[in-house]
Amino acid sequence: MARLADKASAVVLAVLAILLLATVLLAAMLGPYPAPVGDVISAIARHFGGGGATPLDSILFQIRLPRVLAAVLVGAALATAGASYQTLFRNPLVSPDILGVSGGAGFGAVLGILLGLPVLAIQALGFAGGLATVLVVYALARALRSQNEVLVLVLAGIVVGALAGAGISLVKVLADPFNQLPAITFWLLGSLAGIKAEDVRIVLPLVVVGLVPLALLRWRIGVLSLGDDEAKALGVNVRFVRATVIAAATLVTATAVSVSGVIGWIGLVVPHMARMLVGPRYDRVLPASALMGAAFLVLIDTIARTAARIEIPLGLLTAVLGAPVFVWLLARGRRMWS
Amino acid sequence: MLQARKLAIGYGARDVAIDIDLAVARGEVLCLLGPNGAGKTTLFKTLLGLIPARGGEIRLGGRPLADLTRRETARAMAYVPQAQVMEFAYTVLDLVLMGRTAHLGPFAAPGRMDRERAEAALADLGILDLAHAEANRISGGQRQLSLVARALAQDAPLLVMDEPTASLDLGNRLLVLEKVRALRERGYGIVFSTHDPDQARELATRVAVIAHGRLAAYGTPGETLTAETLSDVYGVPVRLERTESGRLVVTNSNAGSD
């Protein structure tokens, strides 16, 4: 029986990986210049064999695939961060927004837009904003020292996140309503429209650096979901593991937000769907969330750029899809956590 | 195996109780009695190393507890908390597997050997058939036994149980007590807290009574479970009666009408 459960979750992960590959191929086929799957595959083969010079080659490798790869990374980052926060805080309703990460990164980035900085500097500011927010939240929680560390941490996150939201509003008021405000608004709604291959080269290592410690500590992170006392008594260095999870999940969230803008719901909904498929064990939820988050955002982003004549903001699509899915999860999956 | 000397326990700057001396070895059962709020839970947490001692010393396996890593402590001493509903829907087997954590490498997850150890622990307590049941959806007694199984899977010679029979119905209480007795006979050292002096009489080799900010009584059940001690500790005049089988029946000596 036990072996079957292990095997079953391995099969689910394999199917999810194949599904992700399929969505990536589909996304590469679709666009203003559609290509059949055979052409896409042979273009990719050509690319690794030295590169081709057809229009499809340049469309795929300069525009479409960098964007698809960015969707893979951002989707995986947001979903794994959500799964990690949910396990760490023993609360299935938290998401990367909970520590104010998204708000802080958002504030940093819109400030960069207001100051008319180049794209890379805007991303760097977003990243710094996200990281700074978490440091402030953590320092605040430590200063307020209470029996319930986690509750104080979450409340501090909400407070600092609200401040970041006020900062964003201020930037919007100050922004030039004809040039900057539309860019800020669009960015706050989430978009991968401006992604270039160079962006992916920066995002990829940062997301990997964040995901590796989460993958390595997967079992001990799962044990943390029993609460501090039990985890300590079971032999876990709670302080170290918790600090690692917060640092790693914050790194991937801030990286994602700095490149894609604010995309909500993925960090909240995808881990729930992952738990429905593979159960609540974090060592299984982590890879399942990464694969599902990636596939989900690739699909959403493909819809965003092909469904209408204009780019549809990603945050809008994830909200429209995420809200009803979450209600359905609440109704159907209550027993998953109660 | 576990010794406390001149121990002072408490939170922050406040002593809850001081001057606590106690010890438990393999095959011994130390039972903690005391009114609510007297510091049983604080003492438990201190003995487990979850909160620092405010004074004195605790030794585990001859070494100061404060010098041991979490991993070393967990290999010597397993904690059986009161069974509670969990936030996540773990299966009983998942829960018991977590008992293996202290035996895993820092980056490892349990493998086949760990699963076999977990299943053996479940079989030991007669609940292997619950392995794939959701831990939140079994009875309180079964959940308590699952946590005992997790402690057995931890392969630690000392078990620390926080009111293992609290909030259990009569059948489950008898079931859990029977398992505790069996573990004692197999040579585990056991520390457990209870509100029932008769449980202490039945299982304990030694009883520690915490009250009035100190160790109010410490010794064999015969020495400690007296009407004077219990009256003093609980603040209610009690009368102790022994049944023919040796059981202790505690009644309020003011309310007695017979």
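Strand β3 (residues 29-33) of chain B runs parallel to strand β9 (residues 206-211) of chain B, and 4 bridges join them. Strands here are DSSP runs of E with at least two residues, helices are runs of H or I with at least four, and both are numbered from the N terminus. Two strands pair if DSSP finds at least two bridges between them. The model is predicted: local features need pLDDT of at least 70 and side-chain atom pairs count only at pLDDT 80 or more, while totals for chains, interfaces and linings use all residues. Residues are numbered from 1 along each chain as its sequence is written, and chains are lettered from A and ligands numbered from 1 in the order in which they are written.

β3(B) is also joined by 4 bridges to strand β8 (residues 189-193) of chain B, again in parallel. The table lists strand residues of chain B with a bridge partner.

| Residue | Partner | Strand of the partner |
|---|---|---|
| L30(B) | R206(B) | β9(B) |
| C31(B) | F192(B) | β8(B) |
| E241(B) | V249(B) | β12(B) |

Because 5 of the 5 residues of β3(B) are buried, this strand is largely enclosed by the rest of the structure. A residue is buried if 20 or more other C-beta atoms, placed from the backbone, lie within 10 Å of its own; it is exposed if there are 12 or fewer, and partly exposed in between. In a regular strand the side chains alternate between the two faces of the sheet. From β3(B), V29(B), C31(B) and L33(B) point one way, L30(B) and L32(B) the other way.

Another pairing in chain B is antiparallel: strand β11 (residues 238-242) and strand β12 (residues 248-252) share 5 bridges. The hairpin of β11(B) and β12(B) has 5 residues between the strands, and G246(B) takes a positive phi near 100° there.

Chain B as a whole has 9 helices and 12 strands. Its C-alpha atoms fill a box of roughly 60 × 40 × 35 Å along the principal axes. Buried residues make up 48% of the 258 residues in chain B. The average pLDDT of chain B is 91, and 98% of the residues score at least 70; pLDDT is the predictor's confidence in each residue, from 0 to 100.

The largest nonpolar core has 188 residues, and V74(A), V298(A) and I210(B) are among those that touch the most other members. Such a core is a set of buried Ala, Val, Leu, Ile, Met, Phe, Trp, Tyr and Cys residues joined through C-beta atoms within 7 Å. Helix α3 (residues 55-88) of chain A gives the most to this core, with 17 residues. Beyond four places in sequence, the contacts of I210(B) include A17(B), L32(B) and L215(B), where contact means C-beta atoms, placed from the backbone, within 7 Å.

In chain A, L299(A) lies in helix α13 (residues 282-306). L299(A) counts as buried because it has 20 C-beta neighbours inside 10 Å.

Between the chains, the contact takes 27 residues from chain A and 24 residues from chain B. On the side of chain A that touches chain B, α9 (218-224) and α10 (228-233) are the elements that give two or more residues. For the complex, the predictor gives an ipTM of 0.93 and a pTM of 0.90.

Definitions and conventions
Two residues are in contact if their C-beta atoms, placed from the backbone, lie within 7 Å.
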